[in-house]
Structure formats: structure tokens, C-alpha cells
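Colleague: I am new to reading models of protein chains. Could you walk me through one, feature by feature?

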Amino acid sequence: MDYIAILLPIAFALTMISVFMGLCSYSVLAERKVSSWIQGRVGPNRTRLPLIGHIPILGNLLTGLGIFQPAADGLKFLFKEEITPGHVNKFYYYLAPVVALAPALTTMVVLPFGRYVDPSGVVQPLVLANIEIGMLFILGISSLGVYGIVLAGWSSNSKYPFLGAIRSSAQMISYELAMGLAILPVFMWSAAPGSEHGMSLFGVIESQKTLWLVIWQPLSALIFLVAVFAETNRLPFDMAESETDLVGGFHTEYGCFKFGLFFVAEYAHVIMGSALFVCLFLGGWNFLPGLADPWSDNTFGAVLSVLWFMAKVFFMIFFFIWVRWTLPRFRYDQVMSLGWKILLPLAIGNLVFNTLLIAAYDHFAQ
Amino acid sequence: MAKTKVIERKPLTFAEKTFIPQILTGLKTTGKTMFQKNITLQYPDERPSIPDNYRGVPTLVKDPNGREKCVSCQLCEFVCPPKAIRITPGEIDAEAEPDRAHVEKAPKEFDINMLRCIYCGLCQEVCPEEAIFLQDVFSLSGYSRDEMVNNKQKLYELGGTLPDKHYKWDKKKAAEEHGNAH
Amino acid sequence: MKVDSVVDYVTINIDGEDVDVPKGTNIIEAVKMVGKGKEVPHYCYHPKLSIAGNCRMCMVEMGMPMRDRATGEAVLDENGVQKIGWMPKPTIGCATNAAPGMHIRTNSEMVKESRNGVTEFLLINHPLDCPICDQAGECRLQEFSAEHGRGYSRFIEQKNVKPKRTRLGSRVTLDDERCILCSRCIRFSKEIAKDDVLGFVDRGTYSTLTCFPGKELENNYSLNTVDICPVGALTSTDFRFKMRVWFLKRTHSICTESSVGANTEIWSREGKIYRITPRRNDAVNDTWMTDSGRELFKEVEVGDRLTHYTIDGVHKTSAETAAAAAKLLKEGKVAIIASPHSSVEEQFYCKAIADRSEATVSLVSHYGATDGILQSEDRSPNLRGALVNGLVDQLPDADLSAVAQQIESGAVDTLLVVNEEVTQLGISAELLKKVKVIYIGLHANVVSEDAAIVIPSLSVFEKDGSFINQSFRLQRFKAAIPGPRGVLSDFMVLEHIAEALADEKIPSGSIDAAWEHIAKGVSQFDDSLRWRSIPEEGLELDPTAFLDLPFVETKNLKYDSAAFKEAHATPAGA
């Protein structure tokens, strides 16, 4: 009895990690495929697994889509020669990739990805740990990701990684402010006085049953979206890597599996960012704005809700990739001035405006 | 000094200042290209179609009767800018090849060093016998420097036979046999 | 110097420009004297042959100052200048001698038209052989067709067929289709080689060059016909299809066949000699040379060349070898066998070595029969050089029996041999074993096998240097091809040995630096004379000191011993 209470969460956690890591690797594939389509290329289409790859039509189709490519990529990272430059600080050099990946994996603990109806008829979230301060937890932990980059840059003992790390840390701090301010109105709305959910993401999703917050608070959504791009170090904000001027940025001195970890961490961040945006602004697993969920209360309905949530996340990931291959990189000073001079005042203004709006709504609605 | 004309830059509208319309236009463009046909050629499986005037690897050709056209005049060796061509001229043995004896001269050795060749096509242009052609072979590789030197045999293998409009030496032989001898 | 006669000059007007030319000069030569690249194209005319006037290419317009027929007075135009009576038809330049007041147009419409016409006729039966023709690149017909021809053929009828690949002699192959019937070869054979074997048969366009029945073009000057052939009709069987002439580098050299010292041009490409042709020098060989002299380059290619400095069979550097040789020479009892084949520079340092090691110097003569043209009795190029250098003061003996006696009597311990196969010259191989031999030579032979020190030598084609010919004319030759790797020019090695003997360091290393010593050390040379400053046509030295020696040369193309003595016996100006 007691064993089950301990083992079940561990089993859940392991399952979630494997699914999440799988998503990461297929995000890499998606990135490669989408970029190739945008550039009129073919993309990865040669990797073929034995057996599955030789099923007549399906095998060719899967190979053409590059479905087996992530396995090849991963194996390549694993089997490459492990090179450690002589001039690095070994301890932090090895620590950095782990520090980069760990926060991204940790944040998913509080991420609700579906809902089920418990025997008592109450709607419960599918989440590893449904804690009251979910959003705060995510903000707090994901900020730790910058440590991985700073450590990598510093321990590499090389100028380009160092520059990349400095840029990255400055950028993350700058955009975290705007990000935090942008989601305050969201919780002001969802965690109204008397609500039992507080800062948990489940509450935000539940509050979007009728109306998605992206419609209700478009400005918050925009600021949050831009900040997420910056936080994940994605183009047009990839100051940390910026291969045209910094060779490879913070991971210049990294190779093989250590580089692989950084690579996976980036996509883990992308997935987390997408999931957060879906939770906060795109209604989570809620079907469509103004429409009641079509799925039933049984287990099948729970699965459907998870799938619908995933579909939205995939769309966001696709959007991330789409933007990356569309927009050019900002100059570093432009990144800073956008963060401090535009997004921050805008977020403050947005907060004031929404405060007044909610106050007015509360006053006149009752 | 030339007059400089200063063109005032049009002030940005509010929408332009937010960059959002531009970003959306960009997304539209890339979105569209996502559904266009790929232009990548899957090289070893698919081969590009080579136009007739393509300048590939220089080769030696034979006339439709299978006779070698080169008479080793060495003009290509002379004109070759990177000095890639090396010819050892030789005399045709009249007894061994009586049907070709009237040409008198043929290359004993004909080497083109493909590590030096710059595919300029001057050899083809200068050849008075239309014996050397830059044809459609464009991928050339070897494991050693020696392998990258095409010798006479390799050059004829690559070149094959091309139609000859003139049959210069055949006409000459006909004239020798039936012409205005005294 | 002997002055034949005072040259009379006449003034003629060529294309509006007055030129003074010696009387008797024909128009082709006169136009050449104008310079500025002006030339009358010609095929059959050759400055050293009689004039035939059968190619009709050298057509020019000619006019004389007009005189009234009745009174003989000059006819003047409105400006008071004498009118020129231009002839209505062009005339050939080769057979027209300059006359006072003569006017020539080399570039008028009529001249251009006639050249164009002649070229078109010459090309009617000429085969399109250029790609396989050895003359391509130095073909007058090719050049003038491009310059004066029309560029395309109007002749649609069948061309004449004539024999191709005819063997005229063992060294000359004839392609009759290419022949333009200029008759240069016929005139050369008759006038210069004195071997009248060539002639035309048949008429008109069927005219064909052949040897007279039962005869062959086999004389030792047959290849000169190939040189003077303006087209590719006569080709050298040896050079045939070997290399196109535009690849070949030309180097001025001197023929080493005999003491005539014919001026030559070496045609080489990438360190390989392809042919040797004569270079015009009117005082030495006109424009001719012997066939046998053209084959001398083949000795460079034979396989038994010495390529390493060796001491007792062990490879050493040139400096080590020179030091060892000097040490050996210092021990005394030295005999030097120098060579009339060595250059002036080598003989100079041989002399230095002989002086410093107190050695006796012997020379061997290489005599043969003369052909009266360009092959003299003395078959060595530089016997006069040994005399001028003071290496010897008498003409050499035919063998080395004197040296052999010395060796036998024990008067000689060390023998320095320069390029002579001494075992065939009176010193037997057994006798050679009694002495230590320093051998400087081109090829491995019996002497080099037994030699204690072997110093490889360079052939005349591989080194710079100079020779003095039968009429005491100092002529220089240049290196055409590089020698074997690491082998120094002979004079440098000799210089090193001479230096080591004198225990002094003479800064040198170049031939001109060596000439600073040579010019000072040899009384015949002006102190400021340098190798580089020797004129292309050679430098005549004063032979008075040697006139009493009984030189073997009697008479050949440009030398007559009696006349030579007579000319130099009386001091100049007397």
C-alpha cells in the first residue's frame, strides 16, 4: 500500500521524462524539417531503421519524413570522441550542461497537461504535483537555466563562449521582468478573491473555460510570447549563440554528448515555453473559445483532453520554428533596448490597465 | 563633384514601428515557401541534365570510323593556361596502320593532369582537328595524384565517338588515290 | 685589320624616306636596313645564295627620277622637284639593285595586291597540313598567308597530288605537296655544298623536287636545306614529329665539332635538347653548319654520365673533392693533361693549377681531314684558347707518350686528366695504375674507374663559357639546359682547386667574377673584358704572337691560312 504511494509517482515521473525527452528529440527533427521546407530543401530523409524502415510503403514514407533521424542524431552525439579542451575548468565545464538541462526538466513537474474527473465528480488536473504556487515555481526554476549558460561560458576559458554567456545572462534578467509583469494580470483574473486555485496553472486553465485569455488580454499574451522567445534564447534573440559573431556562443568549446545536452536543453525550454503559453493564454485543454469541451468525463475523455493540449503545444513549437527561420537576429543593443525601454514599460502599463479593467468589471458586473 | 541628393526617409507609421505587420508578412512569405516544390536535387540518385555546351572533363574523341582524330599538333598543350596537357608526339607506323598512314602523325602519349585543369575549354577551341572536347563528365575523383592524370587510353574512354562533319583526312586520302596526280 | 675596299654608298628613297645603302645592295636588304620592322616578304631569296627570282613574293613598286628623253634634262613638277617615273608594273626586290635616286614603295595598293595574288597562287596546291607539319610556327608561308593572304580559299577544284614522305637522304625527308618551288635547296646544294643532287622535274603546277636518279642528298650539309626551306617541304628526319618549335627555347652556342667554331642555336625544352641549328655569323659560318655538328647534343643523353663527385669511389661534395684534389696536387710530381675541348675559363684555371703545383702540362691534338667548308682539320674547338692562356706554347702532339715515359721513370706521381680518354692516347691502363689520377670528365670510362678522385664535368650545352676559333675569334656560349643535379660548372671546380693550392680565397662563383682574373691574367684580353661583354658575333683577338706556329688548318669557308698569315703579318695601319 505504502509502496504504491511511493512507486506510482516515480513511475509517472519516469514516464513523463521519457515522453518529454522524446518530444525534445522530435522537436529537433521538426526544426530541421521545417527549416528545409521553408528553404526549398528536402531535409533529413535518409535514415532508415531496419525492419520498420523496410515495410513497403510505410517504411519509405517514414524514412522520407526523417522519423528515424533523431535516433541517428542521438547516437552520433553518444559515439563521438569525447574531447575536453585543455584550458577549461573541468568541474564547471562538466557541470554546466547538466545545470542547463535540469531546470527545464524540473519545471514540468507542475505542468498540468490534461484533466480527469475523479470518482467524486470533481475535475482534477493531470499533473505530477499540483501545487498552489505552480507559476511561481516555474518562474523560479526556469531562471536557473541561465546558470548553465553562464557556467559553460565561464568555465570554457575562451573569449567567445564568455561573451555569449554574459549576453545571455543579461538578456534573461532583462526579459524576466517583463515576463513576470505580463502574467500578473492573468492571475489577477484567474485567482480572483475567493478562488480556490491561487497561483496554480490548473486554476488559470479552468478560468479559460469560456474565453481564452489571449482574446481577453492580447497585450499580456504578446509581451509574454516575446519574453519567452528571449528566455529560450531562440532567434531572433539568440544572443548567446549568435554563430555569425561568436562562433558558437557559450557552447563553442563543447562537443559530443555535452553539446547534445545543451541542444536538448534548448528544445526542452522551447517545449516548456510553448506549454506555458498554451496553459496561460490558449486555454490549456479547453476545446475552443465559447464552446464546451466535447469530451466526456470518463478515461477516454481524459486522453482526449491530453491530446488536445498536446496539439496546441505542437502548434506553438511549430510557431517557434517558423519564426526562427523567418526573422533575422536582433543586434545586442536592440535586444536590450527592446527589453528595458519597450517591453517593461508596456508590461507595467498593461498591468495598470488590466487592474483598472478588472476593478471596473468587478464593480459594474455585480 | 557630383551633386548629392538627400532623400528624406519616410517616417514610420505606428503599425510599422511595432514591427508586427512586417513580422506577419515575413511569416506569410516563409509559410508560402513551405508548400512550394523543393529545388534540391538528390544528387547521386538524381542527376542534373547537362546542357550541350557544358564544359566538363576534357576528352579525346574518335571519328565515326573509330579513328583517332588527334594529330598531336600540340596547340592545346601550348594554349593550356595551367599547363595541364602534356603530349608526346609520334609518327604513325605506315606498315602497321596502312589506312591511317596518310595522317602521318598521332600522339604517342597524351596526358591531361586533372589536378591542374581549370576547365577553361581553350583546348577545345584551339583544336584544328576537332579532336578534344569538354564533355558532360563533371565528377572526377581518384585516390592518388597519378590517378588524376588522364592518359590517352582514359581520355578516349571518356570521349567516345562524336559525329564528324568534315572527314578531312578521309577526303585527303581519297584525293591521294584519285586526285590530280601527274 | 684588312680593309677590302672603300664602300660606295647610294641614296635611295624607300616609302618616302631617303636611305644610304652600299652600292649593289638589292631592295630586300635595303628595306631591311631601314629598320623599324620593315620587311619585304620573300621565299626564294636567301642572302647567302644566288638570286633566282622565282617566288615573286618580293614585289615592290619602283620608280626613277624623270628625265626628258630628248634633252636629258630633269623633268620638274610645279614645285620644282624632279618628277618620279613610276614603273607601271611591280618589280621583284631581290633582283633589283639599289641605284642612285631610285624610289621604292613597299606598301602601296599595287604591292599589296600582288602579294595577295602570289600568296593565293602559292596556296592553291598547298595542303592543309599545318597541324602535322613540323614547319608550323617557323613557316614563312604560314606567316605571309596570315599577313598578306585573303584568309579563305576560292579554289574549289581538286588539288594536285604529289609524293609525300619521300626520303631524300638519310637525314632529310621531303613532302612535295608542301613545296613552293623556291629552289633554295637546289641552289644550296650546288653552290655551298658543292654536291649537285637536287632538281625539279615536270612542268607547271606539276613541278616536283627530286634527287637526280641514283643520287641521294647525303652530304654532311644536307640539313641546311631543311633550315633554309621556307615551308615544311624538307624536314629533318631526326627532328620530325619530335616537338613543335614554339615550345623550344633558343640558346646561343658554339659548335664544338672543329676549330671553325660555327655559331649555333640550341633548341631545348625543359632540359631536353631537340635540335641544333646554325646561327648567322658572316665572319665564321654564314648561315650554315655541318650535319655531324647537329648531332653532338646526343652525347648529353647517353646513360654513362658521371654525376657525382667521388673520392676513392665514395660520393662527396664538390668542396671536399676540390680540397682532396688540391692536397694530392700539393705533393708534387704532377702532370696535367689538359684538353683543347675545355673552354677558355677552364684552361685558365688549369694553367693556374699547373703554375701553383709546378706541374707539366700536356695537350693532345685531335686532327682529322677537312671538307673545305665548315669542318676544319683541327677537331677541337679551343686549341687557340690553350695557346692564348699560355697553357702550352707549342702545338700538341698526337699522343701522350712523353707523359707515359715520365710515369715510367717515376717523375710523375699524380695525373690530372681533363676530359681525355688517356688509355687510348699512349698511356696504358697498367701504367695508369702507377699514378694517382684526378679525372675531370663527362662520361664514365677506364680512366674514371681507376681515378682516385672523379670530378663530373658539364657538357658545352650545360655551362657558360667561351672558345677561341681558328681565326683567333673569341666566341661565347651559354648554358641551354641544366646539368646533372649538384654538378658545378667545370671552371668553378678548377677554380676551387687553384684557390686551395694557393691557400687564398678568391671571391668568385660567377663566370663574370672569374673573368676579372682571366682578363687580368691573359695578355691577349683587354682588362675590362668580361664574359658577358663578348659580342654575339665574337671578338677578334690579335694573333700575331702565334702566327709562326704550324697550324693544321689550311682552307675552309671563311679561313685561308696563307691569307690569314699575310693579313696579320703586317701590322695594322702599315
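Modeller: Let us begin with contacts: two residues are in contact if their C-beta atoms, placed from the backbone, lie within 7 Å. This is a predicted model, where local features need pLDDT of at least 70 and side-chain atom pairs count only at pLDDT 80 or more, while totals for chains, interfaces and linings use all residues. Residues are numbered from 1 along each chain as its sequence is written, and chains are lettered from A and ligands numbered from 1 in the order in which they are written.

Colleague: How many residues of chain A are in contact with chain B?

Modeller: Nine residues of chain A are in contact with eleven residues of chain B. The side of chain A that touches chain B has six nonpolar residues, two polar and one charged.

Colleague: Which chains have the most contacts between them?

Modeller: Two pairs of chains touch, and chains B and C have the most contacts. Chain B puts 18 residues into that contact and chain C puts in 13 residues. To say where they sit, we use helices (H or I, at least four residues) and strands (E, at least two), which are DSSP runs numbered from the N terminus. On the side of chain B that touches chain C, strand 2 (85-91) and helix 6 (168-178) of chain B each supply at least two residues. Strand 2 of chain B gives the most, with three residues. By class, this side of chain B has eight nonpolar, five polar and five charged residues.

Colleague: How far apart are the closest C-alpha atoms of chain A and chain C?

Modeller: They lie 48 Å apart, and no contact joins chain A and chain C.

Colleague: What is the radius of gyration of chain B?

Modeller: The radius of gyration is taken over C-alpha atoms, and the globule rule is 2.2 Å times the number of residues to the power 0.38. For a compact globule of 182 residues that would be near 16 Å, but chain B has 28 Å. The C-alpha trace of chain B spans about 100 × 55 × 35 Å along its principal axes. Chain B has six helices and five strands, in the order α-α-β-α-β-β-α-β-β-α-α along the sequence.

Colleague: And domains? Where do they lie in chain A?

Modeller: Domain bounds come from an automatic or database domain assignment. For chain A it gives domain 1 (1-79) and domain 2 (81-365). Their C-alpha centres lie 23 Å apart, and each domain gives 17 residues to the contact. Helix 1 (2-38) and helix 3 (69-79) of chain A each supply at least two residues of the domain 1 side, with helix 1 of chain A giving the most, 15 residues.

Colleague: Which strands pair with strand 21 of chain C?

Modeller: Two strands pair if DSSP finds at least two bridges between them. Strand 15 (residues 309-311) of chain C pairs with strand 21 of chain C in the antiparallel sense over two bridges, and there C:Ile311 has C:Ile453 as its bridge partner. Strand 20 (residues 436-441) of chain C pairs with strand 21 of chain C in the parallel sense over four bridges; C:Gly441 has C:Pro456 as its bridge partner.

How values were computed: Ala, Val, Leu, Ile, Met, Phe, Trp, Tyr, Cys and Pro count as nonpolar, Asp, Glu, Lys and Arg as charged, and the others, Gly among them, as polar.
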